[in-house]
Amino acid sequence: MVQSLAGNRYVQSLLDLALEQNQLDAVYNDMLLIGTTIKDSKDLSVLLNSPVVKTDKKFSVITAVFGAKIGEVTSKFLQLVSTRKREALLEDIAFSFVALYKKQKNIIVAEVTSAVKLDDVQKQNIINLLKTNATVEMVEKIDPSIIGGFIVRVDDKQIDASILRELSNLRQALN
């Protein structure tokens, strides 16, 4: 989430505008694209954070990179952010918007770590384990070091049903 008060205002304003314009899903897709592009491109990130590069140059790069791929609402928003010289906040704004969108749509993100790839039945069992009325978006990670079982993280909560944890608990009990 955005740590600055200004960034939070931009995120909330964009959400309100997207709802008002009935463009919430389109803006969500745009923000996802912007956030991941900046995150994946070190050069773009350095450029946007550079105090040496002029605002108009940053905006022309933003337009060249995202221009045809984003909608009108997002394009105007990027112009506003650039005008206010807040380009350095763009990645945080984008990911904060994605998080706020998911909260608005009642979507929770469950990060599931397992030793091997889970099949569909196992994924459904984990979703059922969460006992929620929200839509669950599962992010799957493979970590052979947990030996077996799984670890589920949702926000600040964690369920650790891994063999590695059980072995650790057993080791502590024996000591």
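Which residues does Val 81 touch, not counting residues up to four places away in sequence? The contacts of Val 81 are Tyr 10, Arg 86, Glu 87 and Leu 90, where contact means heavy atoms within 4.5 Å. This is a predicted model, in which local features need pLDDT of at least 70 and side-chain atom pairs count only at pLDDT 80 or more, while totals for chains, interfaces and linings use all residues. Residues are numbered from 1 along each chain as its sequence is written, and side-chain values use heavy atoms, with hydrogens and water left out.

Val 81 is found in helix H5. Helices (H or I, at least four residues) and strands (E, at least two) are DSSP runs, numbered from the N terminus. The relative accessibility of Val 81 is 0%, so Val 81 counts as buried. Buried means under 20% relative accessible area, exposed over 50%, and partly exposed in between (1.4 Å probe, protein chains only). Val 81 and Phe 59 are 22 residues apart in sequence. Their C-alpha atoms are 9.3 Å apart in space.

The largest nonpolar core has 30 residues. A nonpolar core is a set of buried Ala, Val, Leu, Ile, Met, Phe, Trp, Tyr and Cys residues joined through side-chain atoms within 4.5 Å. Met 31, Ile 34 and Phe 97 touch the most other members of the largest core. Two or more residues each are given to this core by helices H1 (5-20), H2 (24-40), H3 (42-49), H4 (55-66), H5 (72-83) and H6 (90-104). H6 supplies the largest share, seven residues. Ile 34 touches Phe 66, Ile 70, Thr 74, Leu 78 and Ala 94, leaving aside residues up to four places away in sequence. A second, separate core has eight residues, including Ile 126, Leu 130, Val 136 and Val 152.

The packing of H2 against H6 comes next. Their axes come within 8 Å and cross at roughly 140 degrees. Axes are lines fitted to C-alpha atoms, for helices over the stretch in contact, and angles run from 0 to 180 degrees between N-to-C directions. H2 is therefore oblique to H6. Angles under 35 degrees count as roughly parallel, over 145 as roughly antiparallel, 65 to 115 as roughly perpendicular and the rest as oblique. The H2 and H6 crossing is left-handed. A crossing is left-handed if the near helix is turned anticlockwise from the far one by less than a right angle, and right-handed if clockwise. On the H2 side, the contact residues include Tyr 28, Met 31, Ile 34 and Ile 38. On the H6 side, they include Leu 90, Ala 94, Phe 97 and Tyr 101. By class, the residues of this H2 and H6 contact are 13 nonpolar, three polar and four charged. Ala, Val, Leu, Ile, Met, Phe, Trp, Tyr, Cys and Pro count as nonpolar, Asp, Glu, Lys and Arg as charged, and the others, Gly among them, as polar.

The axes of H2 and H3 come within 5 Å and cross at roughly 100 degrees. H2 is thus roughly perpendicular to H3. Thr 37, Ile 38 and Asp 40 of H2 contact Lys 42, Leu 44, Ser 45 and Leu 48 of H3. The residues of the H2 and H3 contact divide into three nonpolar, two polar and two charged. For H3 and H4, the axes come within 10 Å and cross at roughly 150 degrees. H3 is therefore roughly antiparallel to H4. The crossing of H3 and H4 is left-handed. Leu 44, Leu 47 and Leu 48 of H3 make this contact with Lys 58, Val 61, Ile 62 and Phe 66 of H4. The H3 and H4 contact has six nonpolar residues, no polar and one charged.

Phe 66 belongs to helix H4. Phe 66 is buried, with a relative accessible area of 2%. Beyond four places in sequence, Phe 66 touches Leu 33, Ile 34, Thr 37, Ile 38 and Leu 44. Phe 66 and Thr 37 are 29 residues apart along the chain, and their C-alpha atoms are separated by 9.3 Å.

Two loop residues have positive phi. Lys 131 lies in the loop between helix H7 (120-130) and strand E2 (135-142). Its phi is near 45 degrees, a positive value in a residue other than glycine. Lys 131 is exposed, with a relative accessible area of 76%. Asp 155 lies in the loop between strand E3 (149-154) and strand E4 (157-162). Asp 155 is not a glycine, yet has a positive phi of about 55 degrees. The relative accessibility of Asp 155 is 74%, so Asp 155 counts as exposed.
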